[in-house]
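Visitor: I am new to this one. Could you walk me through how to read it?

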Amino acid sequence: MNIVALIVFGVTLMGIAVEGLSHPKRREQLDIPKGDWLTVSLGSLPALGVLAINLECWLRQPVEPNWFVIASGSLLCAGSILFRNWGKWTLGYYYTFSIDLRENHTVIERGPYRFIRHPLYLGSFLGVIGLPLLAHSWLGIFFLTIPTGMAYALRLYKEDKFLLETLGEPYREYASRTARLIPLVW
C-alpha cells in the first residue's frame with residue numbers, strides 16, 4: 001500500500017475543500033481583472049505543483065514513510081490552512097484575490113496583521129513547503145516551492161507598492177512597524 005500517496009492525497013483534498021469554502025468562487029466575486037497574469041499565475045503555479053506532487057506519489061515506487069518527515073510536512077500543511085484562513089477571516093469583506101482595494105478600505109492591523117503585512121502569503125507558503133516534504137519529493141520542491149516562492153516575492157513587492165500608493169501614510173507607518181512576511185526577518 002502506498003501510504004505516502006494516500007496521506008498526500010488526503011491533505012490535498014482537505015486543502016482544496018477548505019480553500020474552496022473560504023472565499024467566493026466566481027471571477028467577478030474574486031475581483032480578478034482580465035489580463036491580471038500575476039493573479040492567474042499565483043493560482044496556477046501552486047495548483048500545477050500540487051497536481052505534479054500527487055502524480056509523482058502515485059506513479060513512483062512507494063517510498064518507505066519517514067514518520068518524522070510526514071509529521072513535519074503535516075504540521076506545515078495544517079499551519080498553512082489555519083494561518084491562511086485566520087488572515088482571510090480577519091480581512092472579511094476586504095479580502096480579494098487580486099491586488100485591489102474595496103470601498104472605504106483601511107489598513108488592517110488586527111489578527112495576524114499585527115505581526116506581518118502578508119499573512120495569506122505566509123500561510124500559502126507553509127503549504128508549498130509542507131506538501132513536498134510530506135510527499136518525500138525533491139521534484140515537488142523544484143516544481144512547487146521554488147516557482148511559487150518566486151511568484152509570491154514578485155507579488156509581495158507589487159502589492160506593497162500598490163498599498164503604499166493607494167493607502168499612503170497610514171500604510172507607510174504600518175509597514176515601518178511590521179515585517180513583510182517573516183517577523184524580525186523580512
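Visitor: Which residues make the nonpolar surface patch?

Guide: A word first: the model is predicted. The patch is made by Met1, Leu6, Phe9, Leu13, Leu48, Leu51, Leu55, Trp58 and Leu59. Its area is about 1,000 Å².

Visitor: Which helix gives the most to the nonpolar patch?

Guide: Helix H3 does, with 5 residues. H1 and H3 each supply at least two residues.

Visitor: Is leucine 55 buried, partly exposed or exposed?

Guide: Compare its relative accessible area with the cut-offs. Buried means under 20%, and exposed means over 50%. Leucine 55 has 45% relative accessibility, so it counts as partly exposed. This residue lies in helix H3.

Visitor: Now the inside. How many residues has the largest nonpolar core?

Guide: A core is built from buried nonpolar residues joined through side-chain atoms. The largest one here has 13 residues. Val8, Ile53, Cys57, Leu131 and Leu134 have the most contacts inside it. Helix H1 (3-21), helix H3 (37-59), H4 and H5 each supply at least two residues of this core. H1 gives the most, with 4 residues.

Visitor: What does leucine 134 touch?

Guide: Leave out residues up to four places away in sequence. Leucine 134 then touches Val4, Ile7, Val8, Val11, Val69, Ile70, Gly73 and Ser74.

Visitor: On to charges. How many salt bridges are there?

Guide: Look for a side-chain nitrogen of Lys or Arg within 4 Å of a carboxyl oxygen of Asp or Glu. By this rule the count is 7. One of the bridges joins arginine 177 and glutamate 109, at 2.2 Å from N to O.

Visitor: Where do arginine 177 and glutamate 109 lie?

Guide: Arginine 177 is in helix H7 (residues 169-177). Glutamate 109 is in the loop between helix H4 (67-91) and H5. The pair therefore ties together parts that are 68 residues apart in sequence. Glutamate 109 is partly exposed, with a relative accessible area of 40%.

Visitor: What does aspartate 160 form with arginine 117?

Guide: The two form a salt bridge, with their closest N and O atoms 3.1 Å apart. This pair links distant parts of the chain, 43 residues apart. Aspartate 160 is in helix H6, and arginine 117 is in the loop between H4 and H5.

Visitor: Are aspartate 160 and arginine 117 buried or exposed?

Guide: Aspartate 160 is buried, with a relative accessible area of 5%. Arginine 117 has 10% relative accessibility, so it counts as buried too.

Visitor: How far apart in helix H6 are lysine 161 and glutamate 165?

Guide: They are 4 residues apart, so about one helical turn separates them. Their side chains meet in a salt bridge at 3.6 Å, N to O. Both residues are exposed.

Visitor: Which residues do salt bridges that share partners join into one network?

Guide: Arg117, Asp160 and Arg180.

Visitor: Where is histidine 136 found?

Guide: In the loop between helix H5 (119-134) and helix H6 (138-167). Histidine 136 is partly exposed, with a relative accessible area of 22%.

Terms used. Residues are numbered from 1 along each chain as its sequence is written. This is a predicted model: local features need pLDDT of at least 70, side-chain atom pairs count only at pLDDT 80 or more; totals for chains, interfaces and linings use all residues. Side-chain values use heavy atoms; hydrogens and water are left out. Buried means under 20% relative accessible area, exposed over 50%, partly exposed in between (1.4 Å probe, protein chains only). A nonpolar core is a set of buried Ala, Val, Leu, Ile, Met, Phe, Trp, Tyr and Cys residues joined through side-chain atoms within 4.5 Å. Contact means heavy atoms within 4.5 Å. Patches are made of residues with over 30% relative accessible area and no salt bridge: like charges are joined within 9 Å, nonpolar side chains (Val, Leu, Ile, Met, Phe, Trp, Tyr) within 5 Å. Accessible areas come from the Shrake-Rupley method with a 1.4 Å probe; for residues, only the protein chains shown count as cover.
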